[in-house]
Amino acid sequence: MTRVWDTAGMVDSTRMPLTIELADAFWAPRQSQLADHTLDVLLERFESHGIIDSFRRLAPGSGLGERRGLWFSDSDVYKWLEAAAWAKRLDLVGEMVELVPLAAHPDGYLHTFYDVGPGSQPRYRDLTTSHEWYCGGHLAEAALAHNQVTGEGLLIDTACNWADHLCDTFGPGKDTRVDGHPEAELALARLAEHTGNERYLEQARWIIEQQLAAVGLSVDSVDLAGHAVKALYLASGIAEVARCTGEDRWRTCTERLFSTLVDQRSYPTGAVGGRWLDESVGKPFEMPDAMSYAESCAAVASTQFCRRVFDLNRDHRALDQIEVLLFNAVPCGVGADGESWFYSQPHAVTEIAPETNPWATPFGYGPQMLLDWFPPRRHRWFDVCCCPPNLARMFATVDQYVADLDHLGNLAIHLPVAARIGGAGWDVEVSGNYPAQGRVEVRVDASPPQGQLLVRTPGWAGGNGHVLLADSGALDLPVCDRWWETDARVEGAGGTVFLRRGPVVHCVEGIDLPGIDLRDLVVDPARPPGSAFSARAAGRRGKLHRPLPDPPASADTEPVGEVPTIPYHAWANRGLTTMRYRFRRA
Ligand code: FUB
Ligand code: ZN
């Protein structure tokens, strides 16, 4: 099925009004799979876990009993709704579009867990954990997508009522508490731009300042820290306020957050979140491979934040980071089957045996614990089901990252994947097989008077922005295998090397190297990848700790011949296996 992905509704007006139809071998099939399969599967799984019933039971006369699902499961439905709207699966969303307004209170408050009758918890009792604004923010983002795709007003009216209620209830001289999970502020800023209602933007700014003040920070001092998804949603809110107000302090803050993200906190795959404790970005350079936190939602949030950085200052480094994310951590989140997902994305799996913690059984942990939390496979369901629908809305909007118009109306192609790009007087065809191959051909069938065509040369290819392409033309990007090195400050991985082909990080799966422990693999990066690997023979291992030189450091390794590598994003699709992508040097 061919789908036309309309970017007319994107928040940034400089991106309007382009229509981008992907025709590449990487993302176009993923978007089709999302639209034709994953969205249906997610809806079924939400149904079977009672998550849609949370809304149905609030419709008059529903007769449904106890609410099921976690207290923030509304947000999962909203993210799914947003994805389905962008994917133009309007046949799927009809019931939800009717149910959501029915669940709203007359004063605009909307949440299916709180304040819904006898026995339910009262609203706003504990904003630090309640996710009440967080869910409202996702409602607003879903409503924006639905309105922009369909032009219909029901959902956006409900979202505006919720936003009005929030502005009436919280703020200076009112209730000054704020939600413990950012999301509402970025949604309010988007809603402000969409509706022209400045009040929402002021509220977004107040929320951010209040959140920061509560922990002794301000936009002048905050840096990327703590819970990865919260930190990145907050960063997006700050970037939105920076762009909408044009204020220098907010711009500087956004740029500081971005620099920290790319210079200190991102895995080679773009994943963010080195520390399981608090689901946190951890300390600078804290990025363990074997116990990475790396939540898929954080990869989505990072992509969205980087886009906002680009919209703010057209910094080409933001596009480089988006490209890394879109060809590594983001697609890694979803299995080849389109119906299994990583919540936490492992960056190394050293063994696949299940592990028990017999002492922890009172807390409900058992043999499944390791499989669940450090999984060598994607799962088909999570009680905290934030990642699958978040990945869905990311997949549904990838086309919106491919190109935009700059403020002069020039067409800027950011990701040179095969696509048809039209709108604002432009009709352009990009062909080739990027990122598998580097040849990119661009044919301009129509352009506006004075309109220029710009194509990005990625940083990895030695570029630092967009180059002018005279009318139709071609670009040859040096897509080839290349070894990269990890900075010495990354604990446990400093000095290791990894393989990239263009923007795509490659890994080795144990399933391809029977009998070899991947921890024994070492690499000579002076050699081409095919012959660069050698391995220590298992029988030649020394004691756990031993005096040097016993055994000699590298003399005991042997070449292992051709070692197959596969793209990191594609790992864990052939059964349980170990996996590694960073290697010590021979
Ligand atoms: O709290 C809601 C979501 O659940 C967060 O964004 C994720 O990190 C997960 O903890
Ligand atoms: Zn998540």
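What is the handedness of the crossing of helix 11 and helix 12? The crossing of helix 11 and helix 12 is left-handed, a term used if the near helix is turned anticlockwise from the far one by less than a right angle, with right-handed used if clockwise. This is a predicted model, in which local features need pLDDT of at least 70 and side-chain atom pairs count only at pLDDT 80 or more, while totals for chains, interfaces and linings use all residues. Residues are numbered from 1 along each chain as its sequence is written, chains are lettered from A and ligands numbered from 1 in the order in which they are written, and side-chain values use heavy atoms, with hydrogens and water left out.

**Helix packing**

- Helix 11 (residues 248-264) packs against helix 12 (residues 296-313) at about 135°, the axes being 11 Å apart; helices (H or I, at least four residues) and strands (E, at least two) are DSSP runs numbered from the N terminus, and axes are lines fitted to C-alpha atoms, for helices over the stretch in contact, with angles from 0 to 180 degrees between N-to-C directions.
- That angle makes helix 11 oblique to helix 12, since angles under 35 degrees count as roughly parallel, over 145 as roughly antiparallel, 65 to 115 as roughly perpendicular and the rest as oblique.
- The contact (heavy atoms within 4.5 Å) includes Leu 257 and Phe 258 of helix 11 and Phe 305 and Val 309 of helix 12.
- By class, the contact of helix 11 with helix 12 has 7 nonpolar, 3 polar and 2 charged residues, where Ala, Val, Leu, Ile, Met, Phe, Trp, Tyr, Cys and Pro count as nonpolar, Asp, Glu, Lys and Arg as charged, and the others, Gly among them, as polar.
- The axes of helix 7 (residues 154-169) and helix 9 (residues 198-214) come within 10 Å and cross at roughly 55°, which makes helix 7 oblique to helix 9.

**Domain 2 and domain 4**

- The domain assignment, automatic or from a database, includes domain 2 (217-327) and domain 4 (481-585).
- Their contact takes 9 residues from domain 2 and 12 residues from domain 4.
- About 1000 Å² is buried between domain 2 and domain 4, 64% of it from carbon and sulfur atoms; buried area is the accessible area (1.4 Å probe) that two parts lose on being put together, summed over both.

**Backbone features**

- The peptide bond from Tyr 434 to Pro 435 is cis, with omega near 10°, and Pro 435 lies in the loop between strand 7 (426-432) and strand 8 (439-446).
- Asp 115, although not a glycine, has a positive phi of about 60°.
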